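Hi,

Here is the structure I promised to pass on. Have a look at it first, and my notes follow below.

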Amino acid sequence: MSEATPNQSLFEQIGGEAAVNTAVDIFYRKVLADHRINRFFDNVDMEQQAAKQKAFLTMAFGGPNSYTGADMRNAHARLVKMGLDDSHFDAVMEHLGGTLKELNVPDNLIEQVASIAESTRNDVLGR
Amino acid sequence: MALKKIILDEHETACQEGETVLEALLRDNVDIPFSCKQGACQSCMVRSLDVSPPAHAQKGLKDVLCKQNHFLACLCYPEQDMSITLGHQPEYFTEGTVVAKELLNPETVLLTIQCKDALDYYAGQFVNLKRADGLIRSYSISNSRRHAEKLSFHIRRLAGGKFSEWVHQELNVGDTISVSDPQGLCYYLPDKMEQSLLLIGTGSGLAPLAGIIHEALEEGHSGPIHLYHGSRDVDGLYWIDEMRELAEKYENFHYTPCVSRGDAPEGVAHGRANDVAMGNIPDLKGWRVYLCGHPDMVNQAKRMAYLNGASLQNIYSDAFHVASPTLD
């Protein structure tokens, strides 16, 4: 085998769907408890939001997904009008990293997750 | 042989071997919401009207949704023909007769309606009550499942509220009223009998909670059951004596009335019901939580309960939205 890719995908290395389920619970609580950003979640259905977080984390963990930039843009357009900016995106990134650390995910995998999540920044912020 | 029929409204789609219900419907150009196609986003949740859906298609759904045969179309490889629906079914109404009407407090009446047909409901669900001219409002059933033909409701009089004013002033014992099928997902299922329950209600939000509490106690729920009932002042509370008696009778039932304004008389806590409850019970990990009443209370308490450790699967809520903007 000459490929540099590992046998297991990023998603599998992190722990697959079970890891996503655990991560959603930690991640969503961190986000909701953070006064810098929790006002953006004031009028959303918590169950639907948790389901969206799960879809997002699945994507960020390199798992199967059907997210498109347009979806991200549309979903966050209302929040951009409310003032969503880089500082809020950074806060969410911080919680994503913190969540993975709590789950003892190795740093090199956290970096890969962060770079996938980072790739959505411009779509999320409508730029 | 391997084809399974999926019937949605009047339309029939053939689902092929190895194909999910969502794939079959999309192939057939049926307009159905969906997004992730992998069971995460729950956008494509539908409901079976006849057979129980395969268990794998209900992965991650709340128990009350599973019980009502909801499933995710993207995960469902049907095992048999299915009739499904995307939304709510047309309502079926049965005829009811008012058999009792009494005041619970200056602004709330206890209305008891004898229904022609027994209703299959869970304690905590609501029905739509319909006046002869078609005016409809939703009210929670306040009794347990023991009396399937005789349902009680707590109807709070709202200033300018067309329906509640009519109930308070004009509806009398002996009058008829239409009663819809029971609806809603905030209800009690008698499983995990040792689980701790926290119930928080404001105003007539006590109605569904009282039904749930009676149901749980009658079913022999063994875990602690904590009720916090709140209002602005003592006049807005009711059933204080009844709930205290219940707490005397059942060791595992605990009751705390709360008032948010003015002085609280002895035995009544001062503060908003959700604040008092979360202050007393800061760790809700593993608890089942029911929240009914004012939408602001329900939304705040839901977030607080979640941040205090309750899982979303274990939080059941029913926000009482009112038609008139002048009401609080």
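Chain B has a radius of gyration of 22 Å, which agrees with the value near 20 Å that a compact globule of 328 residues would have. Please keep in mind that this is a predicted model. The C-alpha trace of chain B spans about 70 × 50 × 40 Å along its principal axes.

As for what chain B is built from, its secondary structure comes to 7 helices and 17 strands. Of its 328 residues, 40% count as buried. Among the contacts in chain B with a separation of 6 or more, 66% are between residues 24 or more positions apart.

Now to where the two chains meet. The contact takes 14 residues from chain A and 12 residues from chain B. On the side of chain B that touches chain A, the residues divide into 6 nonpolar, 3 polar and 3 charged.

From α2(A), the contact is made by A:Arg29, A:Leu32 and A:Ala33, and from α7(B) by B:Arg303, B:Tyr306 and B:Leu307. By class, this contact of α2(A) with α7(B) has 4 nonpolar residues, 2 charged ones and no polar ones.

Best wishes

Notes
Residues are numbered from 1 along each chain as its sequence is written. Chains are lettered from A and ligands numbered from 1 in the order in which they are written. This is a predicted model: local features need pLDDT of at least 70, side-chain atom pairs count only at pLDDT 80 or more; totals for chains, interfaces and linings use all residues. Two residues are in contact if their C-beta atoms, placed from the backbone, lie within 7 Å. Ala, Val, Leu, Ile, Met, Phe, Trp, Tyr, Cys and Pro count as nonpolar, Asp, Glu, Lys and Arg as charged, and the others, Gly among them, as polar. Helices (H or I, at least four residues) and strands (E, at least two) are DSSP runs, numbered from the N terminus. The radius of gyration is taken over C-alpha atoms; the globule rule is 2.2 Å times the number of residues to the power 0.38. A residue is buried if 20 or more other C-beta atoms lie within 10 Å of its own, exposed if 12 or fewer, and partly exposed in between; C-beta atoms are placed from the backbone.
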